[in-house]
Structures are given as structure tokens and as C-alpha cells.
Amino acid sequence: MRRVNLYHDKRAQWAVYVVFFGILAIIPLSMDDPFTMNQYSRYGVFAMLALSVSLVWGFGGILSLGQGIAFGMAAYGMGATMQMQYQDPVNDPIPSFMLTNELEVLPTIWEPFWHTHLGLILAIGIPVLFFVIFGILMFQARIAGAFVAIMTLAMLGAWYNMAYDMQPYTAGFNGISPPSAFVAFGVEVDPYSNLIYWVSLGVLCVLTLATKALLQTKFGTIVQAIRDDPERARFLGYNVAYYQIVLFALAGLIAALAGLVWVMITQFVSPTSLDIFFSITMVIWAAVGGRMSLFGAIFGAMFINAAQSYVGDEFQATWFIILGAVFIIVVRFAPKGLAGLFEYVFGFIPYRVRGTSGARGDAHSASE
Amino acid sequence: MKISRRTFVTGTVAAAAGVAAGFPHIYMKDFGQAWGAKPWIKKDGNIKVGMLWSQTGNLSVVENDSTQVSLFAVDILNGRGGIAGKEIEPVVVDAKSDIKVYSEKATQLILRDRCVSVHGSYTSASRRAVMPIFMKWDHLYYYPTCYEGRECMQNIINTGPLANQHSFDLVPYMVKNFGPKVYLVGSNYIWPKESNKNVKVWLERAGGEVVGEDYIPLGGSEFSPVFNKVRQQEPDWIMSTVVGDSDIALHRQFLQEGFKSDKMPIAALTTGEIETAAMGNEAGAGHFLSAPYFQTLPNPVNEKFVNDYLGSKYGGGGVTHYNMEETYLGILIWAKGVERALEHTGGDWEAITPRMIRDVSGNWNGQGPVGLSDEESPEGKVWIDPDNFNIWLKPKIGQCGSDGQFTIVKEADEHVFPDPFSIYPERGVCKADGLHKPDGTVQKDVL
Amino acid sequence: MSVHDFWTPFALEPFINALIIGLSLASIWLVAALGLTIIYGTMGVINMAHGEFIMLGAYSAWVMQFFIGIPWLLCLPLSFFIVGGFGWLVERGLIRHLYDRPLDTLLATWGVSLVLVQSVRLIFGGEPQYIDVPDELSTVMNLGFIHIPWMRIFIFFVSLGLVAMTLAILFKTNMGIQIRAVMQNKEMAASFGINSKRVYGLAFAFGAGLAGISGAMFSGLKTIFPDMGLGYVVEAFLVVVTGGGEVLGSLATAGIMGELFSVFSYFTNDTFGRFVLFVLIVIFLRFRPQGIFTPSMARR
């Protein structure tokens, strides 16, 4: 018998996930409120973004301030797909905003978006491909730490400017708002239905569980080893850059899926999805919830956004001060966020496991 | 531990899928019907109207005033006994200058607070972000700011000038008084570009020419590269569609670069009383503005509006402004629409729908479109176009004096038709039910 | 968009003017980045609140002029001390506890910036403000076809002066020697009796003070508003990181970046110029992450 922290018990962790998603899954059964469904779906997207930050930063040690790049690229891809679903190939082949910019024919880069499937593939594929290339560029050169943060930030700024400036293709500051809801396989994904909630929650659930499972594989262990000491991992013969690139691309994939779902919900995409402020806010969510815990990050995103929706109006002007102050306090005193607090509290619960399984659990996910 | 990780994951996903698949009636249920059936105005309740502006963040500089003047207008209406004896209840939310929050709050105002109409926003981006929501719920949005047009939606009423109304008088006036050569400077987004297209149309008729055109990012404050080109091209005047903070930087640097407003004035579409106060009167003096409203408009209705507003608890900002006045008109026009809708339903409040308010604001029952008379509107008589639901108004040209207030140098002789497709006649004509295309088809919700 | 609309054809005189504007931009970025260079170079701290320190400098100059009536030129040094003092407090209260966690300082200072922006907006309102500069600075110097506002010339020389002052402090004073010692090896310096905590605190305060003076100076050229910091801080970061956290590196980088940006935006437009600049920097950092001058050394 060995005394361990219940927090690190993998069975308990999985149980928490099942209970959490189980409860979320049955919320619509007791509700008949399109507003709440729409709002909760938005929280689901924010949770995906926090998940991607937690994966790349909490577990990979790569502070990316550029998760918005994948989010925004996918959002534009999805916006284009939905816009072209609305356009008519014969009578109305060109989105209205392009007329301002004197485009007579649909630009070639918009052509593929006539086909919904191709559009979806591009919306996900392009950001992931970009993250792979960008990752190769950075991690092959062994760039780490604050430099990654600055480089991702600069890249985000570049794309923001690009989305802004390429007005014939992106509508610039005004953004693209597809007038009708997304239709896939003959089903309309009404942004005010239970269906959108299921889609958002379903994507979040699958992504979270897949990430959780991934982190418990050998890959996950190596990635965490690299986070703790890249030099040592390199000396042990691991190709550090390879793991970092894959991890970075996976985080990009999660953020891209978030962007996809986001446009389904809001029917709007503009350069603000590439805003620097937004990308750093994702980091806040993950940090407050606990970046070293997927569950913590998800919870942080949902908690802060719910607070902004429901408490924010009472505090009006002081909301950003509160948010900033909470963030400072978390970084200063509780770098593991709320999850760290739980870890601490759970340490007091007497809990014993038999034999090797507990020991293995300890060694495996010391951080979770 | 008997259950392996893999079976666990598979099991969880399968369970989730099973839950989803097992209750198809839940996720396929059509909310729209259940929600549309409830009354928007309850017999024993107030008339709820949404106010969607930012009280925090960078847009709050303008939108705070919009909120205040809307509340002022609601107070006036309630002081007169509301609409047909029913009190108006404004629901104010804070959009925090964040597009995501605009979209969330619009949903809240429609679905949770069940407002019968919503007034709001200052930027095209936030308008376009919320419009799909209004279209989805067949609701009604009042947008009070000048915009580019080229839209034909069935759930919006605009009370600000369109691109074709702004430059209509301004360009011939400037060409006549200062000369034909003009340099166009704008913020880099659609409204300035669309406005400048209109400017070019009018410039051609007035015999002027464009010697240069530049767009700088929204929020940008570095104009020396632009002034470098201006100095080279030597225009007779500058046409500015620069907005916000950048506008202030433009005028300040104009002075520092040694230009003089009597030699080469800036003619602007948005540099009003608020902007002039922020840039300093010496930087604003001598330049021109085309707007439907100025604080100094010499008529008793405006004098009363200015005095009442500045004397009320809402008037802390100290100025009135074209955008505020357009917002104010929006509330009054909305109230008239609700009155008509009540008449239309024969006094049944619960039968009024947002869309009905819009429909009766047009050419209803032989009464012509909703409008405001010279006795009601500070800028003089205005009315809603019954086809495209933009506003008929008289643009005016003001020149800024050294006290930061404008002198009206020209007022249009007649009201100008708001034409959202003025430079795209080949696209069709915007009517109440949609865009009537040249081939005879009608397209709804052209966004 | 036709090709001709996009590209401005080359002409000698405006091109030379564009080069001069590039120098002016470079001096603005340099002075915005100088304080950050000290802070980053000494402690490896990425100070995300630097833009807000600049904003505080601008607001303190505005408050001193608008409410007390202090002439603008005098506001510059006063802003240095006000913001420097504030920076010292931030260092004592927050940064000091995070030196072993460099990424966390980045995040914590971002929290500081969030609080500062909204506090200033609450206190002074969100309206843009401006400041009166001496009349002599509101005119233009004309040399043939070259026209430069005196204000920009003033900023150019003040920024060079500040660089010279910073270098003098770093290389000629006792304090500077201590700072450089701590920069090179904190533990070794401590073993020689240098109080590294005090050095860090002073270096941070000095960097913040430089931000304050630059903010006060920009207030004469541009608009003062709560979000103004964002307009400077991104370029400032790029200057610092590309320059490798050294004063001379920042000087060179700011010069190159200013000229590149000015030339690009002369031929194309402002937004596109910015895009090209960002991408070039990312590519540059790929090959020389240690910065422009720093010899290849152990990676941080």
C-alpha cells in the first residue's frame, strides 16, 4: 500500500472527465432556450482554445501567443465555405463585399469553397500545414522560451495585417458574415439549436479525451520530458524538434477546429479573430484554470467567460481590472492555477493504492 | 485496473454518441416556432428596447455618448407617457468594444430579454457581426451611423447618411471654392473606399481630378509618408475619410507639417465636434465637414435639443454630435413605428412583431413612410425611404471655426435620396422585400 | 486592384523624403524600445506592460501640462521620474518574485498592462487628448525639396541623446558596471558583493523611466489615449529581440526597420509594409535568434 495524491490517480481523472462531459451532455434535456444553447456553444469553443494552449504550453513548454493564427485561418476558411453555400453559381456567383474592390470574377483562391467538403478540408488543412512549416522554422533552429512567444506574436500580427489589407478577398475590417446557417450532409446546423451545442460539446469532448489519451502514451511522456529539460531529452537521443513540431501542429489543429465551430455559431469572421489581445486572452484562461491540467484549462475558459457574461455587466468598467488582477495573482502565487489548488487540497485526502499501478501513475503524469 | 485505456476512450465516445443518437427529437426540435409564438410586448408589461453599445474599451469614446443620448430620448418619450400610454424600458448592455461580445449580447437582447427592437453599434464590423442574428430571428435593428450601403437586408433601419448622400454637395462645393485637384486619405476599410468611389463620381461631374489616394490602418497615427506624397502632388484640398484616433493624428500632423487650412483644407465626413475637441481647436479650425447635423444648427428644435440634453443627467460629454443626433432620431422613428404597429393590430400589443414595426414604417395604409417633421427633428425634416429603409435627409457643409464649433456654409436645397446601390446600378434596386435584380429575380438579405 | 494602383512609381525627391521619414520612424521606435532593451538585456524580462509605461508617460505629461501648467519641455524629465518610480514599484511588488520564471514575467506584465489601460480609462476617460508643444516645434524645416517638421528633428536628436546617455551610464558609471556585471553573470556578480536585487530594481526603474520620457515626447506628435501603448509596443519588441537586447543592437535594428518600413510603404502601402516587415523579422530570427550583433553564444 502506498499513499498517493488522489489528484494524480488516472482512474479518478478519467472518472472526472466522464462525469463532467456526462453532465454537460444532458444539459439540453432540461432546457428549451436557444440563447443558452448558443452561449454555451461559444464557451465550448473557448474551452477548445484553452485546451490547445494547455497542450502546447502546459505540457510542451512552448508558450505560443499565436494560437489565434490557426483559429483565424480556419475561421476564414469556414466563413468562405458558408458564404459560398449561400451564393448561387448562376445568378449570384460573387459575394457582395468583393464588388467594392472591383472584382468581376470570383478570385481563384475562393473557387474551392464552392464545395463544402473541400472547403472544410482546406479550413483545417491550411492552418495545420502552416503550423507544421512554422514549427519546422522555429524548432529546427532550437528556438525556445520567450523567443517562441515573440515570434508567434509577430506572425500573428503579420496575418492580422494581411487579413485586414487583402480586402478583395477577406472584406478587411468589416468581415464576412454568411447570411445563412451552415448546412452539412443535408442538415442545417442551426446556431440556436441543441444541435449546435452537441456539435460544440462533441468536438470539445473528442478533442479533450484524445489529447488526454495522447498524453498518457509514450509520446506524451517524452513531450513532458522535453518541457522539463530539452537538453537532457536531446542527450538521451530524442529528436526534440520533431516532438515539438508535432505538438505545435496538434495544438494548431485543435485551435483550427475551434475556429471552424466558432463561425458555425456566430456566422461572422473578421480580423478580430487574429487579434493579439484575443490570443493572449486564451493564455489567461488556461493559466487561471491551470495550464498543467487539460481539465483545469477547459474549466478556466468556461469559468472566466461565464463570469464575463453574467458578472461582467455588474462590474462594467472594472471588468478588465479584475481580470488583469486575477491573472497577476494567479501567475505570481499560483502558477498551476485552480487545478494546482485542487492538487494541493487533494493531497490531504487519505488515499492508498495497491502495488505498482499507483506508482506508475505517479511517474507518468507527475504534472497532472 | 481491468479496463484498458483504449476501451475506456471508446466506451466514453460511444456513450456520448449513444446519448446524442438516442434523443433525436431533442436536437432536431425547432426552437423558432416555440419562441416566435410568444408575444414580444406583453399586455401588462413594458416595451423593451435593446441598447447595444460599448461602455468600455476603445469604442466607448463614441458609443458612450450614443448610449446616453438614447436613454435621454427614451426619458423624453416616457415623459410624454411612453408609446400610447405604455412605458418604454431600455435594456442596456455593454459590448466591451469586442466583436464577439456584440454578437453574444445581440442574441441575449433578442432571445433572453425579448426586446422588440435593438438600437446599436458604431462600426460596420459590429453591424455585420450582429445582422445574421437579426435575420435569423426576423428581428429589427436600428443602425444610426453613416455607412457604405451596398446592403439590402430586411431586418434593419438605418438613420445615418449613406455614402451617396455625404459627398453629393461637398465635392462640387470644394472644387468650386478651392480647385479641382484632390488627394484622398482614408482609413483602410470598406466605408472609406466606398465613400471615395462616390467622391470620384461627383468629382468627375464637377470637373475635378484625384491626384493621390492613400489608406492607413485603423488606429494608425503615422501620417508622414502620406504627407510626403501630398507635398509632391500639391492638391488643392484633401478629402479625408480617416476615422477615430487616427483622425486626430491626421489633423495634428497636418499642422506640424506646416500646411495651412486656408490654402489646402481637409474636407471630412466624420470630423465633428467631438473629434475637434479632442484634437484641439487650432488643429480643427478652417477644415470642412459634411454631415446632416451640427451642434450650431440655427433652429429652435435644435437649440432646445442641445439645451435639454446638455442640461440633463446624460449630457456630461458637453457636446452634441451628428452621430448622437442620428441615434436620437433612430429612437424617435422607432417609437413612431411602434405606434403605427399598434394601430395596425387594432390595439393588440401582443400581436406586434419586430418585423411588423419595420413593415409599417414604410409606406403603410396610405400614410406614407414614417418620418420626423421640422418640429421634431433637430436637423430638420427627415423620413424613411419606404423601399430601402434608409433615411432621406439634407446634408450640410460646415466649416470649423477657432472655437471648435461649425459654421454652416451650405445646406442642400432638397432632401437627398438614400441609394445603397448608387454606384452599382447593375446590381439592381433595393426594395422592401429584397434586392430586385435586373433579371427580375428578388434576392433577400443581401449582406 | 491593378498593379499600378498598388505600386507607387519611383521618383527621386519623394524617395529621399521617404528615407528621411524612415529615420524619423526609426528614432521613434528606438526611443520606445530603449527602455525595453535595458529591461530585457539586464534581466531577460519581456515586459509586456512597456507600451502602457509609454502611455503613462504621455498621460503624466498631459496631466502636468493641463492641470498644473508645466511647460512641455519640463514635462519630459518629470515623466521620466514619475514612470521610473512606478516601474520601481512594479519591480518590487511583482517582477522580483518571478526572475526564475521568465515566461511568467511576460504574462504577469501583460496583466499589469490590462489593469493600467482600464484604470487610466476610468480615471481620465477614453477620449483622446492632445498636448501643446512650443510653437517653435510646430513648424517645418525646409531645405529645397526636403521638408521635415521640427518636432521630428527634435525627437530624432533626443532619442540619440538618450542612447548616448544610456551608454554613458552603462559604461562610465559605477552603477553601469554593476548592471553589466549582473547581465553577464548574476551569481558571479553577487559573489563580488554586488546587490543584484538592487541592480535589477534600478535597471527596471530606469527602463520604465525611459518609456515614460518617450511617452511624454510622443504626446507632442501623436494622440494620447488609453490604448496608445499597443501602437508602439509591438515594434518595440521586434526592435529589442532582433537587436539581441543590446543598446547598439537596438539602434541598428530600429534604423534598418524604420527605413525598410518607410520604403515599403512608399512603394506599396502602410499595411502591406507592416506585413513584409513582420515576416522578414520572423525569418531573420530563424537564422539569428541571438540578435543582430551578439556573437553566437549559449542559447538562452
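A:N239 counts as exposed because it has 11 C-beta neighbours inside 10 Å, where exposed denotes 12 or fewer other C-beta atoms within 10 Å of a residue's own, buried 20 or more, and partly exposed a number in between, with C-beta atoms placed from the backbone. The model is predicted, so that local features need pLDDT of at least 70 and side-chain atom pairs count only at pLDDT 80 or more, whereas totals for chains, interfaces and linings use all residues. Residues are numbered from 1 along each chain as its sequence is written, while chains are lettered from A and ligands numbered from 1 in the order in which they are written.

A:N239 is placed in the loop between α10 (230-235) and α11 (240-266) of chain A, helices being DSSP runs of H or I with at least four residues and strands runs of E with at least two, numbered from the N terminus. A:F185 lies between β2 (182-184) and β3 (187-189) of chain A, and B:E234 between α9 (224-233) and β8 (237-241) of chain B.

The contact takes 36 residues from chain A and 36 residues from chain C, two residues being in contact if their C-beta atoms, placed from the backbone, lie within 7 Å. On the side of chain A that touches chain C, α6(A) gives the most, with 13 residues. Of the 20 residues of α6(A), 19 are buried, so this helix is largely enclosed by the rest of the structure.
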